[in-house]
2 protein chains.
Amino acid sequence: MTSSTRRTTAEVRELVLGAAQQLFREQGYAATTTKQIANTAGVAETVVFDRFGTKPELFEVATIEPFRAFIGDYIASWRSIPRGGDIEKLIKTFIDGFIRLLSQNRRMLQDCTAASMSGDNSAMARLSRLVQQDFARALTQMSEVLEGEDAALHFGGLDPPLSVAAGLGMAMSLVLLDDWLIDPDHRRPGRERILRELTAMILHGLTHRPSS
Amino acid sequence: MTSSTRRTTAEVRELVLGAAQQLFREQGYAATTTKQIANTAGVAETVVFDRFGTKPELFEVATIEPFRAFIGDYIASWRSIPRGGDIEKLIKTFIDGFIRLLSQNRRMLQDCTAASMSGDNSAMARLSRLVQQDFARALTQMSEVLEGEDAALHFGGLDPPLSVAAGLGMAMSLVLLDDWLIDPDHRRPGRERILRELTAMILHGLTHRPSS
């Protein structure tokens, strides 16, 4: 529209990415078209292709970017706390944000997991492997921080890449593998109960090890 | 064959179940036929149907039975240890057996997970939900033991169903969600390293909580 204010590149990127996330979350990858994404974002379809390339490339960015941003923010806040700071609060804040993000993006994470587990060589399976690799690489940043802060934060005997994988895997399992883990005959635990249990397991699991 | 020794009902059941597990593990659910299972077991196909009903029913039993037996054995051994026994050894033994069983049955667990995540109403998706519910019910037995032995084993502040779900979910995530958690640019951790990390997280995660 000629009357619209000219949008910056960054604003257009945000609009397209936001529309893609909304549609992938609601409808899944397969049912979402770049045309729909363009319409929801209020831009021409060519703008989507110009900015992000193909639909698979857009899915990769849309799935990973929120996690990357979240982990980056968290690492920055971790680095800014004083030595001997409140580790319980630090863990609880992370797990709270992480399970919210997992729940919000559950559909996209499930699409990736299911495609990757199918073991075939479809476009979606290959794409899923890329998304998972991006995700796993982002976790490496966390394990580097854990390694660096080891002594300062009274940790000892950790295996940083695996300590991060185990702690975050526990949170992922309660969101993505919940049907394996939660008895269908019992009341489903709410988010507060899950947060309390995960925080206790990770806090004590990390901080009471004999230094090796 | 007229020359063969007559097999007992239990022996035939073992033969069919063993053949089904082998083929489901190697080929997955979809590619395995009841005819193949009968041939591998050395019985007539009608015997398979007589003993187990349909292929879906056989898959359900074949997937769940090893886990049920393992958890049953473990609970029996837990109950037989003296109060104040070696909790670290108890946890390590369980996790060792559990990740072996998960790895061995990875293909069947992935088939179930992928089908259930697809969200459709296919026969395999419905079947997968049954398998997952059986599995989750078996975990409830463990949480009942944890609840009963709480004080005796120096635990406190646990949320037994969720403590079990979190600990076992952590192990499941490292076997089934490993592509999300292990950086592809780094060396893949071996079973011993995974066992050490999981044992430490669960042992300290469970035993150092303030009693509430």
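Chain A and chain B bury about 4600 Å² between them, 69% of it on carbon and sulfur atoms. Buried area here is the accessible area (1.4 Å probe) that two parts lose on being put together, summed over both. This is a predicted model: local features need pLDDT of at least 70, side-chain atom pairs count only at pLDDT 80 or more, and totals for chains, interfaces and linings use all residues. Residues are numbered from 1 along each chain as its sequence is written, chains are lettered from A in the order in which they are written, and side-chain values use heavy atoms, with hydrogens and water left out.

**Stop 1: chain A.** Show chain A as a cartoon. Chain A has 10 helices and 0 strands (DSSP runs numbered from the N terminus; helices are H or I, at least four residues, and strands are E, at least two). Its C-alpha atoms fill a box of roughly 65 × 45 × 35 Å along the principal axes.

**Stop 2: the interface.** Select both sides. The contact (heavy atoms within 4.5 Å) takes 52 residues from chain A and 52 residues from chain B. The rule finds 6 salt bridges across this interface. A salt bridge is a side-chain nitrogen of Lys or Arg within 4 Å of a carboxyl oxygen of Asp or Glu. Now colour chain A by helix. Helix 8 of chain A gives the most to the side that touches chain B, with 13 residues.

**Stop 3: a bridge between chains.** Pick Arg137(B) and Asp185(A). Their closest N and O atoms are 2.6 Å apart, in a salt bridge. Arg137(B) lies in helix 7 (residues 123–149) of chain B and Asp185(A) in the loop between helix 9 and helix 10 of chain A, so the pair joins two chains. Asp185(A) is exposed, at 52% relative accessible area; Arg137(B) is partly exposed, at 33%. The cut-offs are under 20% for buried, over 50% for exposed, and partly exposed in between (1.4 Å probe, protein chains only). Select Asp185(B) and Arg137(A) too: their side chains meet in a salt bridge (2.6 Å, N to O).

**Stop 4: a bridge within chain A.** Go to Arg106(A) and Asp178(A). They form a salt bridge, with the closest N and O atoms 3.1 Å apart. Arg106(A) is in helix 6 and Asp178(A) in helix 9, so the pair ties together parts 72 residues apart in sequence. Asp178(A) is buried, at 8% relative accessibility.

**Stop 5: Phe98(A).** Centre on this residue. Beyond its neighbours within four places in sequence, Phe98(A) is in contact with Phe67(A), Phe70(A), Phe135(A), Leu168(A), Ala171(A) and Met172(A).
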